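Take a look at the structure shown here.

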Amino acid sequence: MSQATARAHSNIALIKYWGKRAGPRNLPAVGSISVTLDGLYTDTTVVFDEALAADTAELDKKPVDTARLTPFLDLVRARAGIDTRAAIVSANNFPTGAGLASSASGFAALSLAATRAAGLALSPRELSILARQGSGSAARSVFGGFAEMHRGELDDGSDAFAESMLDPGEWPLEIVVAITDRATKSVNSSIGMSHLDQRSDYYSAWVAHSETDLSAMRDAIAARDFETVGALTEMSCLKLHGLMMSTRPGLIYWNPATVAAMQAVRALREAGTPVYFTIDAGPQVKALCAPGHGEAVARALARVPGVLETRRTALGPAASVLA
Ligand code: 2P0
């Protein structure tokens, strides 16, 4: 029996990933740029145990289906030259599957815990490539601070990995998450973004413009230009949701409180607070705040009708082994 425990933090994309390249291995059609969040994380323990006849998994003390997990563990087993089954025990410190990037922190933590438990010591890049095969956004949660995911060109996925852009302390932005619904979302991301080339007339434009958006964001981050980072972040979010709404069938992840929170962010900005919004495949609004402005933004968003809870967080660290 061998085991390891790892922690990985959730992340939110400022320039969004949506859509896959053809072929196996979960290859993204576009690159993305994200920030890792200190306050939202997953802790995962993996135990390889000769006594197990099949993999088992639990999340937040409830059993979960291993249909997506066993093929992922098979990648680790093949690499380590073992065929022992594993028990996975995982816990999120935030609501699961509600657009708070639980698959990002979940597969990053699982990648690190499973490889260590199997006796492997992967480099961060190798870990990112492995995590991507569990969930595209998980490749970014291997890193702290600001991270960029490369779409890559190769069919084997060896150039589709994330890497660090800035450590959290290099530009300590704050994030406020406004939770408007705690339920699990109705359309998961992998299904929502499958076959987009046939399902949305806007998809080719999304892919064609992605490199321009990534390049502008790289420059704005390098210059610590908060207004440009924020404007690009809102643009990428709204473009993503336009693409989602244009998909057959149309995906609408927002509720009335989502829209109210977006408008509240813009009203704060008009009144002089440096803050911009972004939203993923769910109804929660994430406010990107210049250093020192998180508390005021959290207070304002908590007053928006329909906002159930706010969480304020700093940028977080890379995934790490706890035990
Ligand atoms: C992102 N999202 O860049 C985008 C924006 C949600 C909206 O990556 O199919 O769970 O597992 O690779 O990573 C969510 O999609 O999708 C996501 P898979 P994933 O954060």
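**The ligand and its surroundings**

An oxygen atom of the ligand is 3.1 Å from an N or O atom in the side chain of Asn26. That is a polar contact, a pair of N or O atoms within 3.5 Å. The model is a predicted one: local features need pLDDT of at least 70, side-chain atom pairs count only at pLDDT 80 or more, and totals for chains, interfaces and linings use all residues. Residues are numbered from 1 along each chain as its sequence is written, and side-chain values use heavy atoms, with hydrogens and water left out.

Lys20 also reaches the ligand. A polar atom of its side chain lies 2.5 Å from a ligand oxygen atom. Gly136 uses its backbone instead: an N or O atom there lies 2.6 Å from an oxygen atom of the ligand. The protein covers 94% of the 470 Å² of accessible area that the ligand has on its own (Shrake-Rupley method, 1.4 Å probe).

How many residues surround the ligand? The count is 18, and the closest are Lys20, Ser135, Gly136, Ser137 and Ser190. The shell divides into 6 nonpolar, 7 polar and 5 charged residues; Gly counts as polar here.

**The two domains**

Now step back to the chain. Its domain assignment gives domain 1 (2-169) and domain 2 (174-314); such bounds come from an automatic or database assignment. Their C-alpha centres lie 23 Å apart. The contact between them takes 33 residues from domain 1 and 45 residues from domain 2, where contact means heavy atoms within 4.5 Å. Each domain gives at least three residues to the shell around the ligand.

Conventions:
Near = heavy atom within 4 Å. Polar contact = N/O pair within 3.5 Å; in protein donor to acceptor, adjacent residues only side chain to side chain.
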